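User: I am new to this structure. Please take me through the terms used to describe it.

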Amino acid sequence: MKITIITVGKLKEKYLKQGIAEYTKRLSAYANIELVEVPDEKAPENLSAADMDIVKQKEGERILAKVSPDTYVITLEINGKQLTSDQLATQIDQLATYGKSKIAFIIGGSLGLGTEVVSRSDYALSFSKMTFPHQLMKLVLLEQIYRAFRINRNEPYHK
């Protein structure tokens with residue numbers, strides 16, 4: 001299985017880089033993991049709704065350029081479906097079983113995802129109704145994917 005995690009913006013925080021590196025290493029025993037960062041669109045703090053849409057559209061174009069047509073796309077969205085860790089494990093297992101061996105998880109930038117990316121999504125996943133820094137979500141997502149593989153193989157992992 002090939003899992004790609006596409007995020008907007010460059011990761012700067014050392015502690016997040018270390019955690020991401022650790023879970024990427026752990027996951028390499030279960031799947032081919034690729035981490036893709038696309039540049040964020042520079043924008044001032046006070047944007048109009050129209051300007052926000054333009055930023056999300058430009059970032060969306062960069063994201064979609066990294067997604068092949070045969071990839072199953074899971075977007076992280078605040079209004080997506082919330083799953084338990086066991087349910088996420090089942091979802092990943094079912095995708096593998098039914099021939100969806102290429103999965104891309106997409107985490108948008110600070111303004112979220114554009115309509116084109118949301119339209120391309122096969123599944124909208126939410127970790128919470130709360131808002132988290134998008135770079136922190138990369139670490140949380142990697143940990144949950146790792147947990148899912150451990151669950152699917154009945155391997156021990158702390159609760």
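User: Why are H1 and H5 called roughly parallel to each other?

Analyst: Angles under 35 degrees count as roughly parallel. H1 and H5 pack at about 25 degrees, with axes 9 Å apart, and are therefore roughly parallel. Axes are lines fitted to C-alpha atoms, for helices over the stretch in contact, and angles run from 0 to 180 degrees between N-to-C directions. Helices are DSSP runs (H or I, at least four residues), as are strands (E, at least two), numbered from the N terminus. This is a predicted model: local features need pLDDT of at least 70, side-chain atom pairs count only at pLDDT 80 or more, and totals for chains, interfaces and linings use all residues. Residues are numbered from 1 along each chain as its sequence is written, and side-chain values use heavy atoms, without hydrogens and water.

User: Which residues of H1 make the contact with H5?

Analyst: Contact means heavy atoms within 4.5 Å. From H1 come Leu16, Gly19, Ile20, Tyr23, Thr24, Arg26 and Leu27. Among the H5 residues are Leu139, Ile145 and Phe149.

User: What makes a set of residues a nonpolar core?

Analyst: The set holds buried Ala, Val, Leu, Ile, Met, Phe, Trp, Tyr and Cys residues, joined through side-chain atoms within 4.5 Å. Buried means under 20% relative accessible area (1.4 Å probe, protein chains only). The largest core here has 31 residues. Ile3, Ile5, Ile74, Phe105, Ile145 and Phe149 touch the most other members. H5 gives the largest share, 8 residues.

User: What is Phe105 in contact with?

Analyst: Beyond its neighbours within four places in sequence, Phe105 contacts Ile3, Thr4, Ile5, Ile6, Ile74, Leu76, Leu125, Leu141 and Ile145. Another core, of 11 residues, lies apart; Val38 and Val67 are among them.

Definitions and conventions: Buried < 20%, exposed > 50% of the residue type's maximum accessible area, 1.4 Å probe, protein only. Parallel < 35°, antiparallel > 145°, perpendicular 65-115°, else oblique.
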